Amino acid sequence: MSILNKIKQRNLVSNIAILILISTLTDLVLAQKPEPLAANSAEIEVLPVQGNLYMIGTGGSNIAVMVGELGLVVVDSGNIEASDNVVDAIRSLSPLLPRYIINTAVLPGHLSGNSAIGAMLPPDTRGGFGMSVIGHANGLTLLATEFVEEVPFELWPNNTFFGESKDLNLNGEAILIEHQPEAVTQSDVMVYFRQSDVLVTGDIFDISSYPHFYPELGGSLQGMIDALNRIIEITVPEFNQQGGTLVIPGHGRIASESDVVEYRDMLTIIRDRVRLMINDGKTFDEVLAARPSLEYDGIYGAGSRNWTTHMFLEAVYDDLR
Ligand SMILES: [Zn+2]
């Protein structure tokens with residue numbers, strides 16, 4: 001073997017060693033990135049947010065819990081498999097009982113724990129009506145038509161409101177519930193806890209995925225953008241886009257206004273690109289081949305919870321066409 005070949009061989013060996021090192025490091029980095037909980041998982045994650053607010057993450061949805069000396073307010077209730085753990089977590093946060101559940105939408109993953117949390121009330125104090133479960137009246141139509149088999153009657157909101165908003169006050173905390181008429185569905189509400197300065201958005205803002213709106217349930221692309229802009233109006237950063245209002249998204253990590261701005265910009269940029277291509281007469285397959293979401297696919301396009309980049313782009317295309 002010539003000297004040159006020996007040098008080449010040695011280089012090859014050290015290159016392989018470097019490759020193995022890099023892939024081990026990549027594995028370590030990936031291992032540290034928390035995987036989203038599976039939709040039917042019993043696992044939960046409990047985190048303090050700020051003020052009186054805590055977040056319980058489940059595979060079905062994030063849950064917000066406001067604690068205080070007059071009782072608790074719970075926003076969304078997660079998937080049914082996680083219910084026992086969610087009830088235990090609520091008990092660990094406060095010895096008091098929930099006074100209200102608020103559902104951000106009638107999506108099954110967001111309200112399937114309603115009964116389990118409702119059952120925390122002792123039977124003699126329920127007055128025959130059970131827990132007060134607040135939701136927008138538009139959701140009842142969907143429950144009665146689209147989710148008859150998936151969502152049994154005992155999980156339905158029983159304290160619904162028509163119109164744009166509803167206010168509550170508990171523990172000195174003003175709670176503003178605001179309807180977003182055609183975002184994910186026709187039933188979406190966002191919940192703002194004014195003293196704690198925490199906004200709970202439901203799936204209008206899902207930092208773990210591309211936006212998922214359901215035209216068949218009254219949702220729309222423009223309604224999503226309008227609702228994201230409304231979040232940006234309500235939230236106020238403290239300094240240099242950090243701190244201030246904290247946002248509990250429908251799924252994924254706790255966020256701030258700048259995260260929502262980035263998400264809104266992503267959605268409007270992709271919408272504008274797809275619209276241009278539609279105006280040029282492009283078919284959906286041609287739009288897909290042009291990769292209009294390329295620089296965002298690594299962040300939002302994981303295809304988690306069965307909502308792939310392909311499905312998202314198809315929804316955008318269909319909405320605009
Ligand atoms: Zn969701």
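This is a predicted model: local features need pLDDT of at least 70, side-chain atom pairs count only at pLDDT 80 or more; totals for chains, interfaces and linings use all residues.
Two strands count as paired when DSSP finds at least two bridges between them.

The protein holds ten helices and twelve strands. It has 321 residues, and 39% of them count as buried. As for contacts with a separation of 6 or more, 64% come from residues 24 or more positions apart.

Back to S2 and S3, then, and the sheet they sit in. Seven strands form this open sheet, in the order S1-S2-S3-S4-S5-S6-S7, and the pairing is mixed. At its edges stand strand S1 (44-48) and strand S7 (159-161); each has a single partner strand, so one side of each has no neighbour in the sheet. On average, and ignoring direction, neighbouring strands here are turned by 20° against each other.

Taking the sheet from the S1 end, S1 and S2 run antiparallel and are joined by five bridges. Within that pairing, Val 46 has Ile 56 of S2 as its bridge partner. On from S2 comes S3, and beyond S3 is strand S4 (residues 72-75), as the strand order shows. S3 and S4 are antiparallel too, held by three bridges, and Met 66 stands opposite Val 73 in S4. This pair is also a hairpin, now with five residues between the strands, and Gly 71 in the turn has a positive phi of about 130°.

To qualify as buried, a residue needs 20 or more other C-beta atoms within 10 Å of its own.

There is a second open sheet, built from five strands. Its order is S8-S9-S10-S11-S12, again with mixed pairing. Strand S8 (165-170) and strand S12 (246-249) are the edge strands, each pairing on one side only. From one strand to the next, the twist averages 20°. Inside this sheet, strand S9 (residues 173-180) and strand S10 (residues 188-193) run antiparallel, with six bridges joining them. Here Ile 177 stands opposite Val 191 in S10.

Now for the helices. Two packed helices are described by the angle between their axes and the distance between the axes. For helix H6 (residues 221-234) and helix H7 (residues 257-279), the axes come within 9 Å and cross at roughly 155°. Because angles over 145 degrees count as roughly antiparallel, H6 is roughly antiparallel to H7. The crossing of this pair is left-handed. On the H6 side the contact residues include Leu 221, Met 224, Ile 225 and Leu 228, and on the H7 side they include Glu 257, Val 260, Val 261 and Tyr 263. Sorted by class, the contact of H6 with H7 comes to ten nonpolar, two polar and three charged residues.

H7 also packs against helix H10 (residues 309-320), at an angle of about 55° and with the axes 10 Å apart. These two helices are therefore oblique to each other, and the crossing of H7 with H10 is right-handed. From H7, Ile 270, Arg 271, Val 274, Arg 275 and Ile 278 meet Val 316, Tyr 317 and Leu 320 of H10. That contact divides into six nonpolar, no polar and two charged residues.

Most residues other than glycine have a negative phi. Asp 197 is not a glycine, yet has a positive phi of about 60°. Its place is in the loop between S10 and strand S11 (198-202), where Asp 197 is partly exposed, with 19 other C-beta atoms within 10 Å. Arg 291, likewise not a glycine, has a positive phi of about 50°. The loop between helix H8 (284-289) and helix H9 (294-300) is where Arg 291 is found. With 12 C-beta neighbours inside 10 Å, Arg 291 counts as exposed.

Technical notes:
Residues are numbered from 1 along each chain as its sequence is written. Helices (H or I, at least four residues) and strands (E, at least two) are DSSP runs, numbered from the N terminus. Axes are lines fitted to C-alpha atoms, for helices over the stretch in contact, and angles run from 0 to 180 degrees between N-to-C directions. Angles under 35 degrees count as roughly parallel, over 145 as roughly antiparallel, 65 to 115 as roughly perpendicular and the rest as oblique. A crossing is left-handed if the near helix is turned anticlockwise from the far one by less than a right angle, and right-handed if clockwise. Two residues are in contact if their C-beta atoms, placed from the backbone, lie within 7 Å. Ala, Val, Leu, Ile, Met, Phe, Trp, Tyr, Cys and Pro count as nonpolar, Asp, Glu, Lys and Arg as charged, and the others, Gly among them, as polar.
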